[in-house]
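Subject: Structure handover

Hi,

Here is the structure I promised to pass on. Please open it first, then read my notes below.

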Amino acid sequence: MNSENIRKDRRPQSLAVKVWQLRTVIVECLCALFLSTLVVTLFVQVIVRYVFAYPLTWSQEIVALSFTWLCFLGAAVAVKYRGHIVVDFLINLSPIPVQKAVIAMTGLVVVGFAVLLSFSGYKMMLISHGQATPALGLPLSYVYASLPVGGALIAYYEFRHIWAVWKGQKPPVAFSLVREEVPDK
């Protein structure tokens, strides 16, 4: 390699490329942020309500917003890591080509549902944009934005899994988390 090729390889990446490479970390950090917000807000709400006998009017809206985003982003992360509950007894007994076909069919159903969720959530987001929450005055579209974002991530992760199974990069199992063996007694 000459020095020209080395200089070409060290070109700075654009912000969009860096964000795309960090997408998984960003989604999982957002899940942690929403969970932390949910727990801290609920803790503060309980303390203020029962110790000081003063109910907070805004805390329920923060909890609902955090919980909604946590559910949809968490579902996408679970799809990425194949963490959803699956009954795979019959799939594991079948030959590899049948396993690939079943994974592809069920995966395409999941992708279809996620696309429908994204489309419907986007429509709900547009409809509710003019409405605001009573205490904080936040647009309701902030809550409904979790549906298209979560649905798009679910579709992306599921399609990526189907593609990896068909290319032979991953084994055709529906549930790929580490399984613990029960020792014999």
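Let's start with the rings. The count comes to 2 aromatic pairs. The rule takes rings of Phe, Tyr and Trp (its six-membered ring) and pairs them if their centres lie within 6.5 Å; planes under 30 degrees apart count as stacked, over 60 as edge-to-face and the rest as tilted.

Phe-34 sits in helix 3 (residues 23-51) and Trp-69 in helix 4, 35 residues apart, so the pair links distant parts of the chain. Phe-34 is buried, at 16% relative accessible area. Trp-69 is buried too, at 14%. Here, buried means under 20% relative accessible area, exposed over 50%, and partly exposed in between (1.4 Å probe, protein chains only).

Tyr-156 and Tyr-157 form a tilted pair, because their ring centres are 5.5 Å apart and their planes stand at 55°. Tyr-156 is partly exposed, with a relative accessible area of 27%. Tyr-157 is buried, with 2%.

Before you go on, a word on the source. This is a predicted model, so local features need pLDDT of at least 70 and side-chain atom pairs count only at pLDDT 80 or more, while totals for chains, interfaces and linings use all residues. Residues are numbered from 1 along each chain as its sequence is written, and side-chain values use heavy atoms, with hydrogens and water left out.

Now the overall picture. The protein has 8 helices and 0 strands. From the N terminus on, the elements run α-α-α-α-α-α-α-α. Helices (H or I, at least four residues) and strands (E, at least two) are DSSP runs, numbered from the N terminus. Buried residues make up 32% of the 185 residues. The protein exposes about 12,900 Å², and carbon and sulfur atoms supply 71% of that area. Accessible areas come from the Shrake-Rupley method with a 1.4 Å probe; for residues, only the protein chains shown count as cover. Of the contacts with a separation of 6 or more, 73% are between residues 24 or more positions apart. Contact means heavy atoms within 4.5 Å.

Next, helix packing. Two packed helices are described by the angle between their axes and the distance between the axes. How do helix 4 and helix 8 (residues 146-167) pack, and at what angle? The angle is about 5°, and the axes are 8 Å apart. The axes are lines fitted to C-alpha atoms, for helices over the stretch in contact, and angles run from 0 to 180 degrees between N-to-C directions. The two helices are therefore roughly parallel to each other. Angles under 35 degrees count as roughly parallel, over 145 as roughly antiparallel, 65 to 115 as roughly perpendicular and the rest as oblique.

Which residues meet there? On the helix 4 side they include Trp-69, Phe-72, Val-79 and Lys-80. On the helix 8 side they include Leu-153, Ile-154, Tyr-157 and Arg-160. The residues of this contact divide into 11 nonpolar, 3 polar and 3 charged. Ala, Val, Leu, Ile, Met, Phe, Trp, Tyr, Cys and Pro count as nonpolar, Asp, Glu, Lys and Arg as charged, and the others, Gly among them, as polar.

Lys-80 deserves a look. Lys-80 is found in helix 4 (residues 59-80). Is Lys-80 buried or exposed? Lys-80 is buried, with a relative accessible area of 16%. Leaving out residues up to four places away in sequence, Lys-80 touches Thr-24, Glu-28, Tyr-157 and Arg-160. Lys-80 and Phe-159 are 79 residues apart in sequence, yet 9.9 Å apart in space, C-alpha to C-alpha.

Ser-66 is also in helix 4. Ser-66 is buried, at 2%. Beyond its neighbours within four places in sequence, Ser-66 is in contact with Phe-34, Thr-37 and Leu-38.

Last, two loop residues. Ala-53 has a positive phi of about 55° although it is not a glycine. Ala-53 lies in the loop between helix 3 and helix 4 and is exposed, at 65%. Arg-82 has a positive phi as well, near 60°. Arg-82 lies in the loop between helix 4 and helix 5 (89-93) and is buried, at 11%.

Best wishes
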